[in-house]
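Please consult the sequence and the structure below while reading.

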Amino acid sequence: MEEGIMQNNHRYDDIIGLPRHVSKLHPSMPVADRAAQFMPFAALTGFGDAIEETGRLTDDRMELEEDVIEELDGKLQYLREHVKEHPEISVTYFQPDARKAGGAYATAAGRIRKVDFYERMLVMEDGTEVPMKAVVGMEGEVFSDLEELG
């Protein structure tokens with residue numbers, strides 16, 4: 001049996017030293033393309049992205065209490081009266097997620113350009129627009145007079 005294995009090991013000795021065939025009609029495939037032939041096949045294209053999206057966490061929007069809503073309304077009115085001074089404020093608001101339920105809380109800081117009660121929008125000088133219904137908090141030096149009164 002070992003003799004049969006030994007004979008098989010020398011079966012191709014006559015062609016081992018021959019040069020490799022190079023076609024004159026077809027150019028050699030670049031190494032990068034040759035490697036691409038053996039890339040793994042993704043049968044479920046986009047499935048990984050869908051799993052990642054499902055795992056992405058969002059926050060639920062918190063319901064504001066009446067006294068907080070009244071305080072925010074007072075601050076909005078105060079801003080409307082002082083908008084020409086372009087006060088600098090920091091606004092925390094809820095930004096709904098475009099793809100799934102929930103969203104995230106964001107903060108915009110800067111100078112106010114416009115308080116648009118018709119469109120119900122705060123417009124910052126940098127162009128950031130914050131819907132008034134999404135506002136959950138406002139801070140700024142401009143409100144110090146308002147807090148002293150209340």
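The points that follow are grouped by topic.

The model is predicted, so local features require pLDDT of at least 70, side-chain atom pairs count only at pLDDT 80 or more, and totals for chains, interfaces and linings use all residues. Residues are numbered from 1 along each chain as its sequence is written, and side-chain values use heavy atoms, without hydrogens or water.

**Fold**
- The protein contains five helices and five strands, taken as DSSP runs (helices H or I, at least four residues; strands E, at least two) and numbered from the N terminus.
- Along the sequence, these elements follow the order α-α-α-α-β-β-β-β-β-α.

**Interior**
- Of the 150 residues, 23% are buried (under 20% relative accessible area, 1.4 Å probe, protein chains only).
- The largest nonpolar core comprises 22 residues; such a core is a set of buried Ala, Val, Leu, Ile, Met, Phe, Trp, Tyr and Cys residues joined through side-chain atoms within 4.5 Å.
- At least two residues of this core come from each of helix H4 (66-82) and strands S1 (88-96), S2 (103-116), S3 (121-124) and S5 (135-139).
- Ile112, among the residues with the most contacts inside the core, touches partners including Leu79, Ile89 and Leu122 (contact: heavy atoms within 4.5 Å).

**Surface**
- Leu18 lies in the loop between helix H1 (2-9) and helix H2 (31-36).
- Leu18 counts as exposed because its relative accessibility is 55%, exposed being over 50%.

Notes:
Lists of a residue's contacts leave out its neighbours within four places in sequence.
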